[in-house]
Amino acid sequence: MGGDIRQYLLHRPPAQAADGDGNGDGPKPLLIAFHGRGADAAELRAKTRLERAATARGMLVAFPEGLGHGWGAGAQATKQRPDPALDVRFTEALIKHLVRTERADPDQVYVAGFSNGGSMALRMAAERPALLAGAASVSGQLPTGDAAVEPTGPVPVMVVYGADDPVRPLAGLPSPPPDPEEPILPTRSARDSAAAFAAAGGAGEPVTREEKGYDRTVWRLGKDDAPGGDRRSGGTVQLLVVDDAGHTWPGSTVPPPEGFGPVSKALDATDTILDFLTDPGPGH
């Protein structure tokens, strides 16, 4: 795409898990998982162990590689990313490719990501809601300012965020420091990011409750604002703010880089996200 060879790691579930009759030929749910800035597909795979959790659900997981170890999560052209929509088109092309070659179910396509990859997942949900059955972001927020991304329709979204994130604060980063290699995008707060999806989905007022190790805020999407069938009606937008957690993937056993803060063990982000994506109702 755009003159570049694009690569991805692919996890295929065992045939028995993918199809109850054991032939493995039925359509399979698909998760596209975006790594963080400066990382790669293998790093995200190790950190999240998404393929283990996906196997139990008969789910394909694709871990694409970003150009320059990052993603065009914002709508502003930069020197490093002159075509700000390139990664959106790449993700669309990857989904179509996996529907054709791996029998991915086009009605069960999800995106998730960490940090810059989480913002990329939110961009896909914002700009291509009809393509997705759900999206999740860990430590990633919606870009704002000149790079702003605005949700355009209803889609279930979960944002998981560390209360003590020292890299990309919970309250957002409206004026990021300059970066000589690639501009760091300004972002909304984690709550404003979630609330933007709630508003686009016709949600009412949110309800927040304390759970062990984190707070969960839930907006119920409006049933009358769900074009494309019932799969989005009755879904939710959720924000989970995790206590004593940094710019990290809760539940991971992989130590984070220095300065990223602690990893919470009160929440397994991988299972939490996949439970939400496959059943985005208020019970999760």
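At what angle do the axes of helix α4 and helix α5 cross, and within what distance do they come? Keep in mind as you look that this is a predicted model. The axes of α4, which covers residues 86–102, and α5, which covers residues 116–127, cross at roughly 80° and come within 11 Å. That makes α4 roughly perpendicular to α5, since angles of 65 to 115 degrees fall in that class. Those two values are a handy pair to have, as two packed helices are described by the angle between their axes and the distance between the axes.

Now zoom in on the side of α4 that touches α5. From α4 come D87, V88, T91 and E92, and they meet M120, R123, M124 and E127 of α5. Sort the residues of this contact by class and you get four charged, three nonpolar and one polar.

Next, the sheet. Nine strands make up an open sheet with mixed pairing, and if you walk across it you pass β1-β3-β2-β4-β5-β6-β9-β8-β7. At the edges sit β1 (8–11) and β7 (207–211), each of which pairs on one side only. Ignoring direction, neighbouring strands in this sheet are turned by 15° against each other on average.

For a look at one pair of strands, take β2 (residues 28–34) and β3 (residues 60–64). They run parallel and are joined by three bridges. If you want a spot to start from, find L31, whose bridge partner in β3 is V61.

Another is α6 (residues 190–200), lying across β6 (157–162), β7, β8 (214–220) and β9 (236–242). Relative to β9, α6 runs at about 170°.

Most residues other than glycine have a negative phi. H69 is not a glycine, yet its phi is positive, at about 60°. You'll find H69 in the loop between β3 and α4, and because its relative accessibility is 42%, H69 counts as partly exposed.

D244 is also not a glycine, and its phi is positive at about 50°. This residue lies in the loop between β9 and α7 (269–278). So is D244 buried or exposed? With 57% relative accessibility, D244 counts as exposed, because the cut-off for that class is over 50%.

Technical notes
Residues are numbered from 1 along each chain as its sequence is written. This is a predicted model: local features need pLDDT of at least 70, side-chain atom pairs count only at pLDDT 80 or more; totals for chains, interfaces and linings use all residues. Side-chain values use heavy atoms; hydrogens and water are left out. Axes are lines fitted to C-alpha atoms, for helices over the stretch in contact, and angles run from 0 to 180 degrees between N-to-C directions. Helices (H or I, at least four residues) and strands (E, at least two) are DSSP runs, numbered from the N terminus. Angles under 35 degrees count as roughly parallel, over 145 as roughly antiparallel, 65 to 115 as roughly perpendicular and the rest as oblique. Contact means heavy atoms within 4.5 Å. Ala, Val, Leu, Ile, Met, Phe, Trp, Tyr, Cys and Pro count as nonpolar, Asp, Glu, Lys and Arg as charged, and the others, Gly among them, as polar. Two strands pair if DSSP finds at least two bridges between them. Buried means under 20% relative accessible area, exposed over 50%, partly exposed in between (1.4 Å probe, protein chains only).
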